[in-house]
Amino acid sequence: MSGNSHDSYRGHYDGYSSFGISYDPPAPSRSYHDEAERKEEERKERERLAEAERKRVAAEAEHARKVEEARERIKSNPPPPPAASRSAAKTARFYDRSLVRLGITTPASDAEGLYYVLVDNSASNDLIRSHIRATVEYVLGTACALLPKHQIVFDFVSDHEDGDSLFMQEIDYVFPDEQGVKTLGSSVQHVYNADGGDIPECFACPLERISKLNFGKVPKERRHIILVTDSIPHGFGWEGDNGCDARLEWGSTLRKVQETFATFQVIGCPMPGDRIMLKLQKKMLPEGKARYDFLDISTVRDHERRKALVSTAILFLMARNKGRQTVEGFLAALYLKWLKEPIFGGQTDSNAREQITTFATYIEASQEEIDALLERIFVKA
Ligand SMILES: [Zn+2]
C-alpha cells in the first residue's frame, strides 16, 4: 500500500455500483385513483427498469474493456516474479495523537450499520495480525464504497494471560471516510503484540462484552461480527487449555451473539495443512452455518499471499453481507485490481481467477448462478 490519504485507498470498487445489477421492481401499489394514474405509474416503472438495464450493460461493457486492456498489458509486459517479501512500502505512516480513540464508546447517531472486526492478536497469528495492523487504512478506505454509512470497530484480542491492558485492545467506531482512516491509522499504532499463552484464546469474553454494548439506533439486522483467527476458543478439547477466567461457555456466548447480531463470521487462517485445527475452528460457528460463514484462507500455502488475502477476505464478507449485486461488483473490481497490480507474478490472470472462484464458492447461490457471475467477471474471450 502506498500513500496515506483516504483518496489513495478509495476507488478500487468505485464505478461498480451498476455491475451485475439485478433489479427487482417493487410490488405494485393498489390504491390508484384512476386508470390514467395506473398507466402513468406503469410507464414510470418501465422507464426505471430500462434505465437500470442501460446502466448494467454499460457497466459490464466498461468492465470488459478494462479487463481486456489489462490482459494486453500483461501479455506485452509480463510482470516479474513476486519478490520473496512484499512488505508494505516504507512510507511514514500518518499519525496524530489527538485522533487516537481506544476503547469502545457508542455509535454515531447517523450510523446505519455496525461491524466489529475481531483480530486474533496472539503470537501464533503474528503474520496475520501484523499485516492487518499495517493495512487497516486500506480495509477502511475500501469499505467506504461498500458501506459508506456504517461504522467499524477493530478489536485486537488474545487471552486473559496477557492481562487486561493487552487482552482486548479496542479501537472505537470509525466511519469509512477520511477522518476515520486517520483516526484508525493513528489509533492502531497504540496496539501492542500480545502473547496468548496456551493455544486456545478467549474469544468468549470480548464477544460477551460487545454483545452488551449500546448500539444506538442500529437494528440487529445491520450489526455484524467478523473474527480473524488461526486458533480456537477455550473449551474445545485442546490439550493444555487453561480456560476462560470468567468461566464462560462457548455455547451460551454463541447464543447471545446470535440474539444480538445479524451475522457472526470467522476467517480461519491456521497454518496450511493443519486439518485438526481447521476442523475444530469450524465448530465455532452455530450448527449448519460453517459452510458459508467460515472462510478458510489456509488453502493458500504461500505465506505472503495468504497474509495479503486476509484484508480482502474481510472486505469480501462485508460485500457479501450487503447483497448479491454488491459482492459481484466487488469481485469484478478485485479481478481488475489484481490484473493491474500483478501480485501473482507470471500467472497473474490464472491465479487471480482461481482465487476469485474460491471466494465465489462462499456466495449462497446455485452453481448456475455462480458460473454466470464468474463469466461476467472474467469476460470470457
Ligand atoms: Zn474469558
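This briefing describes a sheet, a helix pair and the confidence of one predicted model.

The model is predicted, so local features need pLDDT of at least 70, side-chain atom pairs count only at pLDDT 80 or more, and totals for chains, interfaces and linings use all residues. Residues are numbered from 1 along each chain as its sequence is written.

**Confidence**
- The mean pLDDT, which is the predictor's confidence in each residue from 0 to 100, is 90, and 90% of the residues reach 70 or more.
- Over residues 1–8 the pLDDT is below 50.
- Where pLDDT is low, the predicted coordinates should not be read in detail.

**The sheet**
- Strands β1 (residues 113–120) and β2 (residues 150–157) pair, which requires at least two DSSP bridges between them, in the parallel sense over eight bridges.
- Asp155 in β2 is the bridge partner of Leu118.

**The helix pair**
- Helix α10 (residues 324–340) packs against helix α12 (residues 367–378) at about 40 degrees, with their axes 9 Å apart; the axes are lines fitted to C-alpha atoms over the stretch in contact, and angles run from 0 to 180 degrees between N-to-C directions.
- Residues in contact, meaning that their C-beta atoms, placed from the backbone, lie within 7 Å, include Glu328 and Leu331 in α10 and Leu373 and Ile377 in α12.

Terms used:
Helices (H or I, at least four residues) and strands (E, at least two) are DSSP runs, numbered from the N terminus. Two residues are in contact if their C-beta atoms, placed from the backbone, lie within 7 Å.
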